[in-house]
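This briefing concerns the nonpolar core and the helix packing of one structure. Please consult the sequence and the model shown here.

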Amino acid sequence: MLIGELSRRTGVSSRLLRYYEAQGLLDAERGPNGYRDYTADSVAAVRKVRALLAAGLSTEVIRSVLPCVRGEGVRFAWCEEIRTVLDGELAAMDARIEGLRNSRAALACYLEQP
């Protein structure tokens, strides 16, 4: 299928699909005319990428875990390397949340001053 069809099926812009391909998240063959040609599996791949992005993962992390995502939705075929990566991402996210809580508390203190 051409990029326009994949865009219609997934609701993701053609520009973003090209970005996913450039980031190594999506594969496309090139036809004799140079047009990208995606397989039916590309629809599921785009949905997985979108779900992982919604979970707060970077494209770099998604590129490393995407080969372990199996089935519909986002289910992982767990391997220790992937668990380690995701544990690290979760810890980093928790640290950012804690930092935001501290910043919020400081700001709230400033607003309480007369």
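I62 is buried, with a relative accessible area of 0%; buried means under 20% relative accessible area, exposed over 50% and partly exposed in between (1.4 Å probe, protein chains only). The model is predicted, so local features need pLDDT of at least 70 and side-chain atom pairs count only at pLDDT 80 or more, while totals for chains, interfaces and linings use all residues. Residues are numbered from 1 along each chain as its sequence is written, and side-chain values use heavy atoms, with hydrogens and water left out.

**Surroundings of I62**

- I62 lies in helix α4; helices (H or I, at least four residues) and strands (E, at least two) are DSSP runs, numbered from the N terminus.
- Apart from neighbours within four places in sequence, I62 is in contact with L25, V49, L52, L53 and L57, contact meaning heavy atoms within 4.5 Å.
- K48 and I62 are separated by 14 residues in sequence and by 9.3 Å in space, C-alpha to C-alpha.

**Nonpolar core**

- The largest nonpolar core has 22 residues, and those with the most contacts inside it are L6, L17, Y20, L26, V46, L52 and I62.
- Such a core is a set of buried Ala, Val, Leu, Ile, Met, Phe, Trp, Tyr and Cys residues joined through side-chain atoms within 4.5 Å.
- At least two residues of this core come from each of α1 (3–10), α2 (14–22), α3 (41–54), α4 (59–65) and α5 (80–112).
- The most is given by α3, with four residues.
- Y20, leaving aside its neighbours within four places in sequence, is in contact with V12, L25, L26, V46, V49, R50 and L53.

**Packing of α1 with α3**

- The axes of α1 and α3 come within 10 Å and cross at roughly 55°; axes are lines fitted to C-alpha atoms, for helices over the stretch in contact, and angles run from 0 to 180 degrees between N-to-C directions.
- α1 and α3 are therefore oblique to each other; angles under 35 degrees count as roughly parallel, over 145 as roughly antiparallel, 65 to 115 as roughly perpendicular and the rest as oblique.
- L6, R9 and T10 in α1 meet S42, V43, V46 and R47 in α3.
- Three nonpolar, two polar and two charged residues make up this contact of α1 with α3; Ala, Val, Leu, Ile, Met, Phe, Trp, Tyr, Cys and Pro count as nonpolar, Asp, Glu, Lys and Arg as charged, and the others, Gly among them, as polar.

**Packing of α1 with α2**

- α1 and α2 pack at about 105°, their axes 9 Å apart, and are therefore roughly perpendicular to each other.
- I3, G4, L6 and S7 in α1 meet S14, L17 and R18 in α2.
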